[in-house]
Structures are given as structure tokens and as C-alpha cells.
Amino acid sequence: KDFYNTWTYTKVEPHVRLEYVFHFTDAQGNRIGPGAAGIPPGVPDEVPHVVTFKRLGANRTEVTIVERGYLTDQARDMSAMGMSQCFDKMATLFTSR
């Protein structure tokens, strides 16, 4: 199943911090709310995110992502699993160069 979303950035500090609000959308970019087809129960209409970057040296950076607003543990855990998969794919991209 395909899922679509938008990110509305509220703060950008290059190399330091990103803040944005995540929304599910349809294929045309129109926001869809909780209960829409395919959106798991417990996912709110908006999910605020804070991403921070910490330089570790030797071409390494620590990335921390904090999401807020999930209404159930199951929704939070599903999001964490998806985020973990994204990081695994990103690590593969960066290490294959």
C-alpha cells in the first residue's frame, strides 16, 4: 500500500536542528485525517517531529528524532519500526559510497 504525506517545517537550523509537522495526505497532497483508509488507529492528524544532529567527528554524526502525539502504544511502536527501517536504508546508502 502506498502512503503519502507532507512535512511542514517550523524550524530549520542547518547542521543542528529540524522541526516539522507530519501529515498524511492523499496522492494529490490533500490532508487526510485519522480513520482514513490505511491510517492505523492511534495516529493523530498531526505528528510534530524534532530532529537534532550532533557532530561526533571522524565523518560521523548522531541523529536523534523525537515524535510526539501518538494516541496508542501500537501507533507509536509502528512509527518507531518504520523510522528504524528508514535509518537502515539511509545507513546502506551512506556506507555504499
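Visitor: Where is G33 placed?
Guide: G33 is in the loop between β2 and β3, with β3 covering 47–57. Keep in mind that this is a predicted model.

Visitor: What is G33 in contact with, leaving aside neighbours within four places in sequence?
Guide: I39 and D45.

Visitor: And how many residues apart in sequence are G33 and P44?
Guide: They are 11 residues apart in sequence, and the C-alpha to C-alpha separation in space is 7.6 Å.

Visitor: OK, I39 again. Which residues make the largest nonpolar core?
Guide: That core has 7 residues, and I39 is one of them.

Visitor: Pick Y70. What does Y70 touch, not counting residues up to four places away?
Guide: Y70 touches G42, V43, P44, V47, A75, R76 and S79.

Visitor: Switching to the strands. How many bridges join β1 to β2?
Guide: There are 9 bridges, and the two strands run antiparallel. β2 spans residues 17–25, while β1 spans residues 4–13.

Visitor: What stands opposite V12?
Guide: L18, over in β2.

Visitor: How many residues sit between the strands in that hairpin?
Guide: The hairpin has 3 residues between β1 and β2. H15 is found in that loop and has a positive phi of about 70°, although H15 is not a glycine.

Visitor: Is H15 buried or exposed?
Guide: Exposed, because its relative accessibility is 68% and the exposed class starts over 50%.

Visitor: Which residue other than glycine has a positive phi near 60°?
Guide: That would be N59. N59 is in the loop between β3 and β4, where β4 covers 60–67. N59 counts as exposed too, at 86% relative accessibility.

Visitor: Last topic, the surface. Which residues make the nonpolar patch?
Guide: W7, Y9 and V12 make a nonpolar surface patch of about 320 Å².

Visitor: Where does Y9 lie, then?
Guide: Y9 lies in strand β1.

Visitor: And why does Y9 count as partly exposed?
Guide: Because its relative accessible area is 43%, which falls between the 20% and 50% cut-offs.

How values were computed. Residues are numbered from 1 along each chain as its sequence is written. This is a predicted model: local features need pLDDT of at least 70, side-chain atom pairs count only at pLDDT 80 or more; totals for chains, interfaces and linings use all residues. Side-chain values use heavy atoms; hydrogens and water are left out. Patches are made of residues with over 30% relative accessible area and no salt bridge: like charges are joined within 9 Å, nonpolar side chains (Val, Leu, Ile, Met, Phe, Trp, Tyr) within 5 Å. Accessible areas come from the Shrake-Rupley method with a 1.4 Å probe; for residues, only the protein chains shown count as cover. A salt bridge is a side-chain nitrogen of Lys or Arg within 4 Å of a carboxyl oxygen of Asp or Glu. Helices (H or I, at least four residues) and strands (E, at least two) are DSSP runs, numbered from the N terminus. Buried means under 20% relative accessible area, exposed over 50%, partly exposed in between (1.4 Å probe, protein chains only). A nonpolar core is a set of buried Ala, Val, Leu, Ile, Met, Phe, Trp, Tyr and Cys residues joined through side-chain atoms within 4.5 Å. Contact means heavy atoms within 4.5 Å. Two strands pair if DSSP finds at least two bridges between them.
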